[in-house]
Amino acid sequence: MFESKSGILGIAGLAFFGIAFLSNAVIPMLMYRNLPEQKAEQLINANVRYQFEDLARRFPAAFEKTYGSPPAETKEREAWLNQKCADALRLGRKVYIAEACWHCHSQFVRPVSNEERRWGAVSASPEYANELQRPVMFGTRRVGPDLCREGGRRSSDWHAVHFFRPADLSAKSPMPEYPWFFDGAADKPNARGLAIITYIQWLGSWHETYPLYEQYEASPLQDMQVDAVPAAQQSPATQARKATP
Ligand code: HEC
């Protein structure tokens, strides 16, 4: 066996497999075993909360149908909104996986080809150490644009119309229509529709370039307490907004 060519190649092949398994699976697993993983609730920042409440303003009937109405008392309402928002993020991610959005969209700005000029800052590993990135949705194909900085780039009603019928906003778009995210019309998103929009608006919400285009307006729900979100979870954009009334 050791004298034949195929024997040597066979043993070399097994050895290379062993080395690859060690360096790509075993060592990273041991290195990152104790890395704390953030839960969806901890990922709620003022930006995504803004977008979630924005859904309540743009689609009040649909929002109430899906989530019920928030408690009247401010503190309870904050906790309620944070929880519903976290639930929406979890469901939104499930929808993203189930609908195979990752077949056409990546979530990773690579440090090559000036990608950061098109999509914003190059992705960094800490951005992926949380529940909503397990497993990560890096994607390997880009039929459509990268989405990891998509949050805040478009308004939520833009997304609603786009998911309902992409070609209405982008002529000849190859993106499929998702009528099952809605109760019959683009302004009636159902639970899945609200969740996928929240999830898309969350992507990059932790980043200082957020929001990219959309102008913030007054909160749809009265006396929203941005301060209820720990300062550490607020983006620099939010901090600046608070500083200039
Ligand atoms: C067949 C490929 C394909 C699939 C599947 C697909 N998309 Fe797209 N998507 C595209 C293309 C191409 C564009 C760019 C043209 C357009 O805006 O419609 C796009 C655009 C978008 C945009 C707008 C980006 C921007 O700001 O211009 C978002 C958001 C988006 N897709 C999200 C999704 C989500 C979420 C899903 C899954 C529910 C999905 N896409 C499934 C191909 C796809």
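1. Two residues are in contact if their C-beta atoms, placed from the backbone, lie within 7 Å. On that basis, take the contacts in the chain with a separation of 6 or more: residues 24 or more positions apart account for 80% of them. Note that this is a predicted model.

2. The chain has eight helices and zero strands. Along the sequence the pattern reads α-α-α-α-α-α-α-α. Of the 245 residues in the chain, 30% are buried.

3. Which residues are closest to the ligand? They are Cys-101, Cys-104, Gly-144, Ser-170 and Ser-173. In total, 24 residues surround the ligand. By class, the shell holds 14 nonpolar residues, six polar and four charged.

4. Now a helix pair. Helix α6 covers residues 156–164, and helix α7 covers residues 191–202. The two pack with their axes 10 Å apart, at an angle of about 125°. Angles of 65 to 115 degrees count as roughly perpendicular and those over 145 as roughly antiparallel, so an angle between these ranges is oblique. Therefore α6 is oblique to α7. The crossing of α6 past α7 is right-handed.

5. Which residues make the contact between α6 and α7? From α6 come Ser-156, His-159, Ala-160 and Phe-163. In α7 they meet Gly-193, Ile-196, Ile-197, Ile-200 and Gln-201. This contact has five nonpolar and four polar residues, and no charged ones. The ligand shell, by contrast, does include charged residues, four of them.

Note on methods. Residues are numbered from 1 along each chain as its sequence is written. This is a predicted model: local features need pLDDT of at least 70, side-chain atom pairs count only at pLDDT 80 or more; totals for chains, interfaces and linings use all residues. A residue is near a molecule or strand if its C-beta atom, placed from the backbone, lies within 6 Å of it. Ala, Val, Leu, Ile, Met, Phe, Trp, Tyr, Cys and Pro count as nonpolar, Asp, Glu, Lys and Arg as charged, and the others, Gly among them, as polar. Helices (H or I, at least four residues) and strands (E, at least two) are DSSP runs, numbered from the N terminus. A residue is buried if 20 or more other C-beta atoms lie within 10 Å of its own, exposed if 12 or fewer, and partly exposed in between; C-beta atoms are placed from the backbone. Axes are lines fitted to C-alpha atoms, for helices over the stretch in contact, and angles run from 0 to 180 degrees between N-to-C directions. Angles under 35 degrees count as roughly parallel, over 145 as roughly antiparallel, 65 to 115 as roughly perpendicular and the rest as oblique. A crossing is left-handed if the near helix is turned anticlockwise from the far one by less than a right angle, and right-handed if clockwise.
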